[in-house]
Amino acid sequence: KPQLVASNDRFCRFLEEYCPVVTETYYPTIWCWEGRVQTLLRPFITSRPQVQYRNELIKTADGGQISLDWFDNNGSLYYPDASTRPTVLLLPGLTGTSKESYILHMIHQSETLGYRCVVFNNRGIAGEDLLTPRTYCAANTEDLEAVIHHVHSLHPSAPFMAAGVSMGGMLLLNYLGKTGRDTPLMAAAIFSAGWNVFESVESLEKPLNWLLFNYYLTTCLQSSISRHRQMLEKLFDMDLVMKARTVREFDTQFTSVMFGYRTIDDYYEDASPCRKLKSVGIPVLCLNSVDDVFSPGHAIPVETAKQNANIALVLTSCGGHIGFLEGIWPRKCTYMDRVFKQFVQAMFEHGNKVFSM
């Protein structure tokens, strides 16, 4: 059974009644239960539901642009009125876009419930051009704030939630820690977030983890900016950036410099959501596996979470990073997908009961 960590008894009772998956035993796929194996295999095993997006490019205050992919769900039987159709903002991981299988599955789950989804693609990674020499990071929430304001302004009467995966979850938590209750979001779901970036990079630099994940992730980061080399060369020594062999080296040469941090440690401290958890002012459900090498179990801020009545942690012993595979042949639905579906439905349809039970 997952460990449910929540200091608020009413929030616990709400989850037990309307999101019972968090109290059910999670049975990982028997032939790939180990965390690293789950992490590696999920992108290849899980299906990719067909989703037709409507793309929108929005301008930012600094002259840049952000690509949003909308799933309007205009065929919604439960919410035929678009003005009040519940909306879920989805934030993919570090180099992820709206094409990631875990995002497609969240949209598929939302479609069956009648909800609308919009995917926030970080700058420069979804095929659009960089108009300024700036990309994104886990600590800077300006682009996310602009997107949330934009989506809310389009549908001010629609209930509004967000779900973030991996770095998307870290960014969302950092935004919520900054804004407190001053947000149009009614709740949020977080999956496989890295809570303490120092612990995450240290775990990823262990020899086997570097071989399996760190080097590949670094090349993905380099690939995501190489298309924009001409724009970025105005500010960076791109030859040096392209020589990075770890995420830490990439962040030292590129990310921390881009966002004005004096040192890499300053950036990693600011990017770590565990520092801002006490300030979150809306109900948030966070799913982590304690065998996630991207977010090691000992770094999950259990005691800090207990100090905020808005936070509930769901901790599984297996599942890896965005894995949570279950069943003999885990093609379709993962444990993470079921948590997402039940929690967003619970909040949209019974959210007024969260703190009144």
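Here is a short chat about the pocket and the salt bridges in this predicted model.

Trainee: What volume does the largest pocket have?
Mentor: About 1,200 Å³, going by the predicted model.

Trainee: And how many residues line the largest pocket?
Mentor: The lining has 50 residues, and those nearest the centre are Leu94, Thr95, Ser166, Leu217 and Phe294.

Trainee: Which helices give two or more residues to that lining?
Mentor: Among them are H2 (35-45), H3 (101-113), H5 (167-179) and H6 (197-204). H7 (207-226), H10 (247-258) and H11 (264-271) are on the list too.

Trainee: Which element gives the largest share?
Mentor: That's H7, with nine residues.

Trainee: How does the lining divide into nonpolar, polar and charged?
Mentor: You get 29 nonpolar residues, 16 polar and five charged.

Trainee: Where does the pocket lie relative to domain 1 and domain 2?
Mentor: Between them, because both domains give residues to the lining. Domain 1 covers 3-195 + 273-351, and domain 2 covers 197-271.

Trainee: OK, switching to salt bridges. How many does a search of the whole structure find?
Mentor: It turns up 17. Take Glu205 and Arg248, whose side chains meet at 2.8 Å, N to O. That pair ties together distant parts of the chain, 43 residues apart: Glu205 is in the loop between H6 and H7, and Arg248 is in helix H10.

Trainee: Is Glu205 buried or exposed, or something in between?
Mentor: In between: Glu205 has 29% relative accessibility, so it counts as partly exposed. Arg248 is also partly exposed, at 26%.

Trainee: What about Glu303 and Lys306?
Mentor: Their side chains form a salt bridge too, at 3.3 Å, N to O. Glu303 counts as exposed because its relative accessibility is 52%, and the cut-off for exposed is over 50%. Lys306 is partly exposed, with a relative accessible area of 40%.

Trainee: And how do Arg338 and Glu326 meet?
Mentor: In a salt bridge of 2.8 Å, N to O. Arg338 is in helix H13 (residues 335-350), while Glu326 is in the loop between strand S9 (311-316) and H13, twelve residues apart.

Trainee: Which accessibility class does Glu326 fall in?
Mentor: Glu326 is buried, with a relative accessible area of 14%; buried means under 20%.

Trainee: Last one: which residues do salt bridges with shared partners join into one network?
Mentor: Asp62, Arg123, Arg134, Glu142 and Asp143.

Conventions:
Residues are numbered from 1 along each chain as its sequence is written. This is a predicted model: local features need pLDDT of at least 70, side-chain atom pairs count only at pLDDT 80 or more; totals for chains, interfaces and linings use all residues. Side-chain values use heavy atoms; hydrogens and water are left out. On a 1 Å grid over the protein atoms alone, a cavity is a set of points where a 1.4 Å probe fits but cannot get out, and a pocket is an open set with protein on both sides within 12 Å along at least five of seven lines; lining residues have an atom within 4 Å of a point. Grid points are joined across faces, edges and corners, and a volume is the space filled by probe spheres set on the points. Helices (H or I, at least four residues) and strands (E, at least two) are DSSP runs, numbered from the N terminus. Ala, Val, Leu, Ile, Met, Phe, Trp, Tyr, Cys and Pro count as nonpolar, Asp, Glu, Lys and Arg as charged, and the others, Gly among them, as polar. Domain bounds come from an automatic or database domain assignment. A salt bridge is a side-chain nitrogen of Lys or Arg within 4 Å of a carboxyl oxygen of Asp or Glu. Buried means under 20% relative accessible area, exposed over 50%, partly exposed in between (1.4 Å probe, protein chains only).
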